[in-house]
Amino acid sequence: MIFVELHDHDYKYQVEDIIKSFFYDEDITYVGEFPADFKGIYVLIRMDIDIYVELWKDGICIYKPKNNSETVLPDWYNGHGNKEHLVKKKKRMLLKQQLYLAFRFLTGKSLPWGILTGIRPAKIAHEMLDMNYADDSIVHSLKSFYMIKEDKANLLLDVAKKEKRILDSTSPDSVSIYIGIPFCTTRCLYCSFTSTPIDPLSDIVKKYMDALMYEIEKTSYIIKRNGWKVQSIYIGGGTPTSIDEKSLEKLLSIAVSTFDEGNIEEFTLEAGRPDSLNIDKLSIIKDSQVDRISINPQSMNDEVLKAIGRNHTAEDIEWAFIKAREMGFDNINMDIIAGLPGESPQMFNKSLERILELSPDSLTVHTLSIKRGSKLIYDKESRTGIHSEKIEEMVGAAADYAYKMGMKPYYLYRQKNILGNLENIGYCTPGHESIYNIQIMEEKQSIIAMGAGGVTKMVYPEENRIERVFNVKSVGDYILRIDEMIARKEAIIKDLK
């Protein structure tokens, strides 16, 4: 338990962001005064003219700041909000800095991403690139202001430059399409997505697909009415290939006939799990206009696959990948997760060795995140033995193997409660950057989403504004309320025109 006493402010969100980065599993309790006979960690935070942080442990004060100099907001903040907004932003950043310094002293640890806790850190580098900052100035600012480690600052700059080439060449009247299939063969231990095991619900799949086809049809009218061009289509889930062959063929055909007017540059299908694939489905995909697929092992160790709830083996993954290559798929992504329960760095390296032999065109390296909607958040026993040092070793090894395969990083994002305060990062060989992945992360383009759990994002970069439209997550509710889902899109897009 960590006790926190706040004075002259209520920035609990920022306080918890930093503390949870150091102590994920510790509960935080806010108190009005120092508890009597206190044992444990106590944090005192005052915010009047300056911000002041004290740390106490077992009744003894162990940390007071030596100085508390004024923080100057970097140039890239200018123009983002009124004066009152900037003042509050400055206070929040200074609070995070001071709290970070205190907990770094307490633990002896420097976090890879410093005080950065947001999902899309590359946006910061993009803003500086747009202002023509020199590379060394960008890296220096990331290190000094956000306290990011040098290797992460350089990584962020490299990713932003790779993304910028695609973002700058994108037509301003383009959008991308997301279609969600919320079914899977089983639900993984770590999963928090809208995803339901398909076998018990096979009778509802047809009703869901009918509702989805209806939403696709009606959404296409909205897109055409606004004169938008579809740049990319991404069909995700769940596992889209968990549906039957007939439904899959119909989905792929309708997606193309509805949205392709000669502008589509990329069509991705998550074919993630080998237990959802067969030769017939691979043939259907190959005969469609899908030009990028994901076959996602997460691990190539059978005991780990079993522990996370997957009903297939590493050999099954190899079969699916090899068959896809034999059939002519030339843009295959694979996903792997660092920090899975029971997987040591040595076992993780074994997975990387097997992926190296297969040689995919892109590799997405996820760091395990303990999410509220997952089974893992309630399973503390499965989380034992997961240490930040081991996770960082795994992520570093994945980078080494990606470079061995001729890949470089091209997009990056972070998540809440991510182990080791690390990141998720996509690597690819030249020319295999995923347009959709870049667009969804950097939020420079509107994404129109269909299906249960889909989130439409209307992006207005000239106003620094994003409006979101949410579809319900429940499959049953989605089917019953499909007209409402369409009306939500109509309303927000009409209001914002």
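**H8 and its neighbours**

I began with what helix H8 (residues 279-287) packs against in this predicted model. Its buried residues touch helix H7 (245-259), strand E10 (266-270), E11 and helix H10 (314-326).

Which residues of H8 are buried? I got Lys281, Leu282, Ile284 and Ile285. Looking down the axis of H8, I found these buried residues within an arc of 160°, so they line one face of the helix. On the face turned away from that buried side I noted the exposed residues Asp280 and Asp287.

I then checked the N-terminal end of H8 and found asparagine 278 capping it. A side-chain oxygen of asparagine 278 sits 3.1 Å from the backbone nitrogen of aspartate 280.

**Strand E12**

Next I went to E12 (residues 332-338), where seven of seven residues came out buried. I sorted them by direction: Ile332, Met334, Ile336 and Ala338 point one way, while Asn333, Asp335 and Ile337 point the other.

Which strands pair with E12? One is E11 (residues 292-294), parallel to E12 and joined to it by two bridges. I picked out isoleucine 293, whose bridge partner in E12 is isoleucine 332. Another is E13 (residues 362-367), also parallel to E12, with six bridges between them. There, methionine 334 stands opposite leucine 363 of E13.

Last, I followed the chain from E12 to E13. Together with helix H11 (residues 345-358), these two strands make a β-α-β unit, and I noted its hand as right-handed.

How values were computed
Residues are numbered from 1 along each chain as its sequence is written. This is a predicted model: local features need pLDDT of at least 70, side-chain atom pairs count only at pLDDT 80 or more; totals for chains, interfaces and linings use all residues. Side-chain values use heavy atoms; hydrogens and water are left out. Buried means under 20% relative accessible area, exposed over 50%, partly exposed in between (1.4 Å probe, protein chains only). Helices (H or I, at least four residues) and strands (E, at least two) are DSSP runs, numbered from the N terminus. Two strands pair if DSSP finds at least two bridges between them. A crossover is right-handed if, with the strands pointing away from the viewer, the path from the first strand over the helix to the second runs clockwise. The arc is that of the directions from the helix axis to the C-beta atoms. Contact means heavy atoms within 4.5 Å. A polar contact is a pair of N or O atoms within 3.5 Å; within protein, one must be able to donate a hydrogen and the other to accept it, and residues adjacent in sequence count only if both atoms are side-chain atoms.
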